[in-house]
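Here are my notes on the model you asked about. Have it open beside you and click along as you read.

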Amino acid sequence: MKDPELDILIDELETRSDLTVADFGGVAGGLAFLLPEATASEHNLAERISVTDTAIHIADQAFPNWAVHIHGRANDKDGHWHCTLRENDRRDNDAAIGSGRSPVLSQAILAATIRLAMILKKD
């Protein structure tokens, strides 16, 4: 699935470290569109999605038993975080891999989750 609005959300997640609750409202809307089952039980998602625990919970709900690889370096200004979601942790033959990078860890996880959902979403 290719959607310019979702591409803009991913770009904001990956490049900005100052997202507002309104910005996260757009991210929550994109996740609800792509992964309604994973977000259905989440209340006030836009207010909580910037927290890493919530972001990883969404990824876990959307892609249970997938491997989550997080790599990064934290510093005072911002981090350099990379997140990869893979179905198979042992081999290199995954049909789809979600990847995200961001100065904020939760945003790297969200970018990887949205990117993977876009790849797997059937039109």
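**Notes on the fold**

1. Let's start with Leu-6, which sits in helix α1, residues 4-15. (Helices, H or I of at least four residues, and strands, E of at least two, are DSSP runs numbered from the N terminus.) A quick word on ground rules: this is a predicted model, where local features need pLDDT of at least 70 and side-chain atom pairs count only at pLDDT 80 or more, while totals for chains, interfaces and linings use all residues. Residues are numbered from 1 along each chain as its sequence is written, and side-chain values use heavy atoms, with hydrogens and water left out.

2. Is Leu-6 buried or exposed? Leu-6 counts as buried because its relative accessibility is 4%. (Buried means under 20% relative accessible area, exposed over 50%, and partly exposed in between, with a 1.4 Å probe and protein chains only.)

3. Which residues does Leu-6 touch, leaving aside neighbours within four places in sequence? They are Gly-30, Phe-33, Leu-34 and Met-118; contact means heavy atoms within 4.5 Å. Look at Ile-114 too: its C-alpha is 7.9 Å from that of Leu-6, although the two are 108 residues apart in sequence.

4. Some totals to jot down: buried residues make up 43% of the 123 residues. Of the contacts between residues at least 6 apart in sequence, 49% join residues at least 24 apart.

5. On to the sheet. Its three strands are ordered β1-β2-β3, and the sheet is open with antiparallel pairing. (Two strands pair if DSSP finds at least two bridges between them.) At the edges stand β1 (67-73) and β3 (97-102), each with a single partner strand, so one side of each has no neighbour in the sheet.

6. How many bridges join β1 to β2? There are seven, and Gly-72 has Trp-81 as its bridge partner in β2. Strand β2 (residues 80-86) is joined to β3 by six bridges; here Leu-85 has Gly-98 as its partner in β3.

7. Helix α6 (residues 105-120) lies across β1, β2 and β3, at about 150 degrees to β3. (Axes are lines fitted to C-alpha atoms, for helices over the stretch in contact, and angles run from 0 to 180 degrees between N-to-C directions.)

8. Thr-54 counts as buried because its relative accessibility is 9%. Not counting residues up to four places away in sequence, Thr-54 touches Glu-42, Leu-45, Arg-48 and Ile-49.

9. In α5, Thr-54, Ala-55, Ile-58, Ala-59 and Ala-62 are buried. Seen down the helix axis, the buried residues of α5 fall within an arc of 140 degrees, so they line one face of the helix. (The arc is that of the directions from the helix axis to the C-beta atoms.) Their cover includes α2 (21-34), α3 (36-39), α4 (45-48), β2 and α6.
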